[in-house]
Amino acid sequence: MNNHIFGLLPVFLFMLLMLLVSLYVRNQSAKKSSGGFIREYFIGSRSLGGFVLAMTTVATYSSVSSFVGGPGQAWSVGFGWVYMSVVQVTALFLVLGILGKKMAMAARKIDAVTVIDVIRHRYQSNALANLSAIIIVLFFSATMVAQFVGGAKLFEAVTGYSYMTGLVLFGLVVVVYTTIGGFRGVAITDALCAIAMLIGMFILLVGILKAGGGYDAIMTHIAQNKPEMLTPLSGGNMPVSLYISQWMLVGIFTVGLPQSVVRCVSYKDTKSLHRAIIIGTIVIGAMNIGMNFIGVLAQGVLPKDLASYGGSVDNIMPLAIVASLKPLLAGLTIIGPVAASISTVSSLLLTATSSIVKDIYMYHKQEKKEEVSEKKTSFLSQICTLVLGILIFFISISPPDVIWKINMFAFGGLETAFFWIFVLGMFWKKANKRGAFWAMAAGTLSYCVTMGLGFTIGGIHQILIGIMVSLLCMIIGSLTGEKETGDVLDVYFPGVKTRAEKKKK
């Protein structure tokens, strides 16, 4: 029992810290904020500095899968999985570097608070905005359930306490601190979570190396018993099609993730953006490549076949932590994956709330020319965050067996729905509402159908089909639909209106 307490104590103290930080941020924001509740609660009054922006984006991108599922696959596959993970280094650079500045400039011009504000203005379509909100809420809910379940199962395996204890401890805590702190609170606690992830990773690396007899001993064991793990294709376990699939899912198309793109409208200035790109790229590379590398090294601690460890790669890292670390250190280590879980949930929860309250309810009221007081907005936003979070919590109590498949399904679905909407909206003048609506609707539908049927092209993940259908629909729809007005386009392509007027003269 004492060992259980030692394992629980670090996690409990970390959760308490998250709550205290959120309360402090809330009080400070109330004193300093002059941009109104909506801007403060959903984008932190556009005031994030470089370090916090980098760390919150990293923490949002990295989920519990980065610490459990991914390294578990690396344990099974070998260095091929590590080579694949290198593409994750580009994720933050692609989001902030490609979309960051242009998205922020446009958002400031139209006073946008959410990514759907930008979508609605760019394409002048309420139908597209409403569809975007529905897709965000549905896919985010599935992802949040996966995070709750993954974190609680890890907690159970490492501390010895029950699944429900873990779910209550961090599940309800993350819902409460997100409700209290808003975007600024989430961003700062995300930064703390990212630091906790790095510390946990380092402790686990040292523990596994020590338990496995050192790096040379582990490599010798792998070379003698599973030499295919040292090759890029891992004896057929890491085919080229899997490389391509993962490069798309966790690399190129992460530009389409709304929870990451919203960070583009929250930073303070260009200097902060540039600093975030540098810091974030280094941290996200170290974290994701590092954890998968640790997964390979876990062969030195867990040398048997997968069936000996419950038949699931999701069991590998919890067992490796227990096998290589004392209870107190194990408790410190699981703060990392728990932090990854709660930081992802908090960001998704806040973005989902903004979709419901800001993008649907408040816009509907404005269309009817009905005023909504800031006090009511504050109440509705916090209540919506709380209710949605509690709903996800209760679903997580008895989760479906295919929860990890649902998680990956949601990840690819969001990318399919929003990738071309964001990229072509910012960089192609001819993109219009017909093309965007067709792209989102047809792309997402084709993705869901092919996922359900298990149909692929060349063994590549179904996101390839969704993205191709989405692009085709965007091009055809945009070329056959009405062009956007010069006033709209001038926000995203400065000078368009002036050049058009000169041509008329």
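The legends below accompany an overview and several close-up views of a predicted model.

The model is predicted, so local features need pLDDT of at least 70 and side-chain atom pairs count only at pLDDT 80 or more, while totals for chains, interfaces and linings use all residues. Residues are numbered from 1 along each chain as its sequence is written, and side-chain values use heavy atoms, with hydrogens and water left out.

Overview. The protein chain has 22 helices and zero strands; helices (H or I, at least four residues) and strands (E, at least two) are DSSP runs, numbered from the N terminus. Of the 505 residues in the protein chain, 57% are buried, where buried means under 20% relative accessible area, exposed over 50% and partly exposed in between (1.4 Å probe, protein chains only). The protein chain exposes about 20100 Å², with carbon and sulfur atoms supplying 67% of it; accessible areas come from the Shrake-Rupley method with a 1.4 Å probe, and for residues only the protein chains shown count as cover. Among contacts with a separation of 6 or more, 86% are between residues 24 or more positions apart (contact means heavy atoms within 4.5 Å).

**View 1. Helix α19 packs against helix α20.** Helix α19 (residues 433–453) and helix α20 (residues 463–480) pack at an angle of about 160 degrees, and their axes are 7 Å apart. Axes here are lines fitted to C-alpha atoms, for helices over the stretch in contact, and angles run from 0 to 180 degrees between N-to-C directions. The two helices, α19 and α20, are therefore roughly antiparallel; angles under 35 degrees count as roughly parallel, over 145 as roughly antiparallel, 65 to 115 as roughly perpendicular and the rest as oblique. The contact includes Trp438, Ala442 and Tyr447 of α19 together with Val469, Cys473 and Met474 of α20. Sorted by class, the contact of α19 with α20 has 11 nonpolar, nine polar and one charged residues. In this scheme Ala, Val, Leu, Ile, Met, Phe, Trp, Tyr, Cys and Pro count as nonpolar, Asp, Glu, Lys and Arg as charged, and the others, Gly among them, as polar.

**View 2. Helix α6 meets helix α13.** Here the axes of helix α6 (residues 90–110) and helix α13 (residues 270–297) come within 8 Å and cross at roughly 165 degrees. That makes α6 roughly antiparallel to α13. Look for residues including Phe93, Leu96 and Gly100 in α6, which meet residues of α13 including Leu273, Ile277 and Gly280. The contact of α6 with α13 divides into eight nonpolar, five polar and one charged residues.

**View 3. Pro10 sits within helix α1.** Pro10 is found in helix α1 (residues 2–32) and is buried, with a relative accessible area of 7%. Its C-alpha atom is separated by 5.6 Å from that of Gly331, although Pro10 and Gly331 are 321 residues apart along the chain. Leaving aside residues up to four places away in sequence, Pro10 touches Leu328, Gly331, Leu332 and Ile335.

**View 4. Two loop residues with positive phi.** Asp111 lies in the loop between α6 and α7 (115–123), and its phi is near 60 degrees, a positive value in a residue other than glycine. Asp111 counts as partly exposed at 36% relative accessibility. Gln124 lies in the loop between α7 and α8 (126–159), and has a positive phi of about 50 degrees although it is not a glycine. At 40% relative accessibility, Gln124 counts as partly exposed.
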